[in-house]
Amino acid sequence: MLPSFKPGDHVVTFAWSKIKAGDVVVFAGDAKLKRVLPVYIKRVLAIEDKSLHVIGDNKNESAKMPLVPAKNVLGRVIWKY
Amino acid sequence: MKLLRKLDFIVRPRIALAHCDIPCGIYETGTLLVAAQTIIRMVEVLEALPVENQSLKDRNNFIRCVHVKEKHASICEEQLVTLWADFFKPEHFKKWPDLHEKFWKAVNLASDNKQNVSLDKASELMAACRELAGIFDQVKVAPKTDLAGTVSDNPDSPKKKLMS
């Protein structure tokens with residue numbers, strides 16, 4: 001997610017606001033196990049029904065990711081420190 | 001900001017992966033099985049050490065074995081999470097509805113083996129890893145000819161022996 005986020009950056013997410021294109025979100029691979037599975041941080045490209053098209057900011061290294069169901073999202077990034 | 005990061009000691013943050021792993025398609029379970037087997041062996045060695053009147057050598061071996069057990073339990077966890085998050089796809093979780101639970105239990109068993117010195121728990125972990133390796137073998141596409149000699153197509157591979 002360079003240059004927006006570097007390794008070691010901390011983010012705070014908020015789970016109760018509406019997600020829109022351009023937001024950075026943190027999500028897991030499965031909704032039921034999202035508290036234990038590894039999580040990912042990506043930017044929302046577009047929203048289709050209840051799924052998100054996500055992409056990494058680092059276009060040189062980002063591979064295409066599958067559609068992410070909205071229920072897999074832990075929250076929208078609201079702060080980086 | 002540095003002060004806020006000191007809060008990490010109180011509330012440990014989760015790591016969010018940003019870099020997309022290059023989808024090289026190279027996955028295997030040999031490392032996982034060897035790590036699980038190593039834990040069993042370390043437990044056997046630890047249980048064979050004297051409990052009382054330990055010599056300096058005994059204490060040295062005890063520490064070394066605990067260190068190796070801990071390291072290989074971490075390898076098990078890492079390998080399991082990689083297979084769980086990167087290799088298996090939604091269609092596999094549909095075909096094996098309890099696959100998430102199997103991985104969850106295996107990861108917890110790896111953690112249990114860090115906290116305990118127990119042949120039962122080590123054997124349980126090995127059985128769980130073997131089961132997941134078996135499912136992996138059903139899913140993994142046959143290797144290309146330029147990868148001849150890889151674990152999955154070598155009949156004498158250590159993995160085949162660990163699976164039997």
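Visitor: In which hand does helix 3 of chain B pass helix 5 of chain B?
Guide: This is a predicted model, and in it helix 3 of chain B passes helix 5 of chain B in a left-handed crossing.

Visitor: And at what angle do their axes cross?
Guide: The axes of helix 3 (residues 56-87) and helix 5 (residues 99-115) of chain B cross at roughly 165° and come within 8 Å. Because of that angle, helix 3 of chain B is roughly antiparallel to helix 5 of chain B.

Visitor: Which residues meet there?
Guide: On the helix 3 side they include Leu80(B), Val81(B) and Trp84(B), while those of helix 5 include Phe103(B), Trp104(B) and Val107(B). By class, the contact between helix 3 and helix 5 of chain B has eleven nonpolar, four polar and four charged residues.

Visitor: What about chain A, where do Asp9(A) and Lys80(A) lie?
Guide: Asp9(A) lies in the segment before strand 1 of chain A and Lys80(A) in strand 6, 71 residues apart, yet their side chains meet in a salt bridge of 4.0 Å, N to O.

Visitor: Is Asp9(A) buried or partly exposed?
Guide: Asp9(A) is partly exposed, with a relative accessible area of 21%, and Lys80(A) is partly exposed as well, at 36%.

Terms used:
Residues are numbered from 1 along each chain as its sequence is written. Chains are lettered from A and ligands numbered from 1 in the order in which they are written. This is a predicted model: local features need pLDDT of at least 70, side-chain atom pairs count only at pLDDT 80 or more; totals for chains, interfaces and linings use all residues. Side-chain values use heavy atoms; hydrogens and water are left out. Axes are lines fitted to C-alpha atoms, for helices over the stretch in contact, and angles run from 0 to 180 degrees between N-to-C directions. Helices (H or I, at least four residues) and strands (E, at least two) are DSSP runs, numbered from the N terminus. Angles under 35 degrees count as roughly parallel, over 145 as roughly antiparallel, 65 to 115 as roughly perpendicular and the rest as oblique. A crossing is left-handed if the near helix is turned anticlockwise from the far one by less than a right angle, and right-handed if clockwise. Contact means heavy atoms within 4.5 Å. Ala, Val, Leu, Ile, Met, Phe, Trp, Tyr, Cys and Pro count as nonpolar, Asp, Glu, Lys and Arg as charged, and the others, Gly among them, as polar. Buried means under 20% relative accessible area, exposed over 50%, partly exposed in between (1.4 Å probe, protein chains only).
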